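Me: Could you walk me through reading a model like this one, feature by feature? I'd like the general idea each time, then the case at hand.

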Amino acid sequence: MSDDTKKILYVQTHGCDDPARAATPFYLASTAAAMDIEVGIYFTMKGPTLLKKGVPETLQIPRAAGGGARLRHFIDQAVDLGVKLYVCQPSLDLHGYVVEDLIEGVQMIGGAAFNDMALEADAVIAF
């Protein structure tokens, strides 16, 4: 990507206890990536619970009409389009997780790295 490539950083604070809020960052990040925007999603607070191995395959995103896709569908779509997934190290501690508890492809970063990414982004959007 060139230096004038736009960047968006999404911040996911909601976890598997709130499935209605789980897929939106993945959906929007996928759309942005398809628009050739460099995109990352940072999982903090309850967000890492969405990335725990086994959760994406079982968490169903609700629809008013019934049914709904599993979270794994939205994650795969985002990652296939180049969306980067980052997790907050202290939030792993909050849930008693280690990075090996998470799905493949998640990078653990600290507060300084997050702040650098936020300063370099053209937009930071929190959920």
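Predicted model: local features only at pLDDT ≥ 70, side-chain atom pairs only at ≥ 80, totals over all residues.

Me: Start with the core, then. Which residues have the most contacts inside the largest nonpolar core?

Reply: In soluble globular proteins, nonpolar side chains tend to be buried together. A nonpolar core here is a set of buried Ala, Val, Leu, Ile, Met, Phe, Trp, Tyr and Cys residues joined through side-chain atoms within 4.5 Å. Buried is under 20% relative accessible area, exposed is over 50%, and partly exposed is in between (1.4 Å probe, protein chains only). The largest core has 29 residues, and Phe26, Val39, Ile41, Leu71, Val83 and Leu85 are those with the most contacts inside it. At least two of its residues come from each of β1, α1 (24–34), β2, α3 (71–80) and β3. Helices (H or I, at least four residues) and strands (E, at least two) are DSSP runs, numbered from the N terminus. Apart from that core lies another of eight residues, including Tyr42, Cys88, Ile109 and Phe114.

Me: What is Val83 in contact with, leaving aside its neighbours within four places in sequence?

Reply: Contact means heavy atoms within 4.5 Å. With those neighbours set aside, Val83 touches Ala29, Ser30, Ala33, Val39, Ile41 and Ala78.

Me: How do I read the buried side of a helix?

Reply: An α-helix has 3.6 residues a turn, so residues three or four places apart point the same way. In α1, the buried residues are Pro25, Phe26, Ala29, Ser30, Ala32 and Ala33. They cover an arc of only 165 degrees around the axis, which puts them on the same side of α1. That arc is taken from the directions from the helix axis to the C-beta atoms. β1, β2, α3 and β3 are among what covers these residues.

Me: And which residues of α3 are buried?

Reply: Leu71, Phe74, Ile75 and Ala78. Looking down the axis of α3, you find them within an arc of 100 degrees, so they line one face of the helix. They pack against α1, α2 and β3.

Me: What about pockets? Which residues line the largest one?

Reply: Rolling a probe the size of a water molecule over the atoms shows where empty space is left. On a 1 Å grid over the protein atoms alone, a pocket is an open set of points where a 1.4 Å probe fits, with protein on both sides within 12 Å along at least five of seven lines; lining residues have an atom within 4 Å of a point. The largest pocket holds about 170 Å³ of space, a volume being the space filled by probe spheres set on the points, which are joined across faces, edges and corners. Its lining is Lys7, Ile8, Leu9, Glu38, Val39, Gly40, Lys84, Tyr86, Met117, Glu120 and Ala121. β1 (7–12), β2 (38–43), β3 (84–88) and α5 (111–120) each give at least two lining residues.

Me: Is Tyr97 buried or exposed?

Reply: Buried, with a relative accessible area of 13%, although Tyr97 is in the loop between α4 (89–95) and β4 (106–109). Tyr97 and Pro48 are 49 residues apart in sequence, and their C-alpha atoms are 8.7 Å apart in space. By contrast, Lys53, in the loop between β2 and α2, is exposed at 54% relative accessible area. Leaving aside neighbours within four places in sequence, Lys53 is in contact with Glu100, Asp101, Leu102 and Ile103.

Key:
Residues numbered from 1 in each chain as written. Heavy atoms only, no water.
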